[in-house]
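Subject: Structure handover and notes

Hello,

Below is the structure I said I would pass on. My notes on it follow.

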Amino acid sequence: MKILITGGSGLLGQYLNIILSEKNEILTVCNSHMGNCGEYNSINCELTDFKKLNQIIFSFKPEVVIHTAAISRPEICDELPEEFVVNVNVVSSKTIAESCDIINAKLIFTSTDLVYDGDAGQMLTEESELKPVSLYAETKIAAEKAIMNTFENYIILRTSLLYGLGLNHSVNNFHNMYFSFIAGKSVKLFYDQFRTPLSLRDAACLIAKLMETEVNNIILNFGGAERVSRSELGERFCEAGNFDKSLIEMTSMYEQCMMDKLHKVKDVSMNTEKLKSLGLKQKSIEESIIEIIGDLNLEAVSI
């Protein structure tokens, strides 16, 4: 298949480059950072350059567009002009959807679990109440609506916390936690925020399987099968990697958010039965952590 990937140098995008290029012809789009895009057919484009974005899509004529690019950290969205954030996260998504409609391409869009009401209770379904508490989450809902109002050949993935190793320049909290453990430094992890985390590699593999289906016109909770706090995820990593659990400093989300003026989201753990009904099964946290440790060992050998 011919696949266009936006956000190709991001956390998820770089894994998609690796996995999807094995059996498909990809064109991966990046912006300020190259990541591993240079190893593949790639092109540079700012998301707000809508004319160039359209030209890329019309020229490449992909069968599937996987749109992962966005300003994805809530705290960064808060620091930027709202109009710019909306252009990047919403208008670009609508532009891509319109182009996909013209060339009859399927659009797979990564939204977020943060669109849900974090106080409603655990294991939320796709029909659960939406209650965004950040500009980031608001723009993701707006982007979802823009796509759904454009055409029907879409899959919207409400993506949970993605964990694993960031490649090249990209890092996440999980990766930073690993480097802290290696250095013998303590790590603050929330014991009172709950998600259904999914590993980066597993997410890319599931998307690879999902794009081969005939499914469209659907919203899917895209996370792991297990509900855990950030501190529990850290403990499981310590157990599998033989790190010192005492380095985990359990802290309250409420206290930290008040100090850092962050948005409090208590529990957006998701029910993923709809995803499983399509024949897609996530790896367990233990399986994914073993896979991550294997990657770490390979990285250490290469160094």
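In H8, the buried residues are Arg230, Ser231, Leu233, Gly234, Arg236, Phe237 and Cys238. Buried stands for under 20% relative accessible area, exposed for over 50%, and partly exposed for what lies in between (1.4 Å probe, protein chains only). Helices (H or I, at least four residues) and strands (E, at least two) are DSSP runs, numbered from the N terminus.

Before going further: this is a predicted model, in which local features need pLDDT of at least 70 and side-chain atom pairs count only at pLDDT 80 or more, while totals for chains, interfaces and linings use all residues. Residues are numbered from 1 along each chain as its sequence is written, and side-chain values use heavy atoms, with hydrogens and water left out.

After H8 comes Asn242, whose phi is positive, near 60°.

A search of the whole structure finds 8 aromatic pairs. Rings of Phe, Tyr and Trp (its six-membered ring) pair if their centres lie within 6.5 Å; planes under 30 degrees apart are stacked, over 60 edge-to-face, and the rest tilted. Phe174 and Phe237 form a tilted pair, at 4.7 Å centre to centre and with 55° between the planes. This pair links distant parts of the chain, with Phe174 in helix H6 (residues 173-183) and Phe237 in helix H8, 63 residues apart. Phe237 also pairs with Phe243: the ring centres are 5.3 Å apart and the planes are at 40°, so this pair is tilted. Ring pairs join Tyr163, Phe174, Tyr178, Phe179, Phe181, Phe237 and Phe243 into a cluster.

A nonpolar core is a set of buried Ala, Val, Leu, Ile, Met, Phe, Trp, Tyr and Cys residues joined through side-chain atoms within 4.5 Å. The largest such core has 49 residues, and Leu20, Ile66 and Phe237 have the most contacts inside it. Helix H7 (residues 200-210) gives the most to this core, with 7 residues. A second, separate core of 38 residues includes Phe109, Val115, Leu124 and Leu135.

Leu20 touches Ile3, Ile5, Ile26, Ile66, Ala208 and Met211, leaving aside residues up to four places away in sequence. Contact here is heavy atoms within 4.5 Å. Leu20 is one of the buried residues of H1, the others being Leu12, Gly13, Gln14, Tyr15, Leu16, Asn17 and Ile19. Helix H1 (residues 11-20) is thus mostly covered, with 8 of its 10 residues buried. Its buried residues pack against strand E1 (2-6), strand E2 (25-30), strand E4 (64-67), E5, E7 and H7.

Where is Asp267? The residue lies in the loop between helix H9 (253-260) and helix H10 (273-276). Asp267 is buried, at a relative accessible area of 6%. Its side chain makes polar contacts with the side chains of Arg227, at 2.8 Å, and Ser269, at 2.6 Å. A polar contact is a pair of N or O atoms within 3.5 Å; within protein, one must be able to donate a hydrogen and the other to accept it, and residues adjacent in sequence count only if both atoms are side-chain atoms. Not counting residues up to four places away in sequence, Asp267 touches Asp117, Gly118, Gly121, Gln122, Leu124, Phe194 and Arg227.

The charged end of Arg227 sits over the ring of Phe194, 4.0 Å from its centre. Likewise, the charged end of Lys2 sits over the ring of Phe60, 4.5 Å from the centre. The criterion is NZ of Lys or CZ of Arg within 6 Å of the ring centre and within 35 degrees of the ring normal.

**Loop residues**

Ser134, in the loop between strand E5 (106-112) and helix H5 (135-148), is buried, with a relative accessible area of 4%. Ser134 touches Pro74 and His263, not counting residues up to four places away in sequence.

Asn104 has a positive phi of about 60° although it is not a glycine, and it is exposed at 63% relative accessible area. Asn168 has a positive phi of about 55° and counts as exposed at 55% relative accessibility.

Regards
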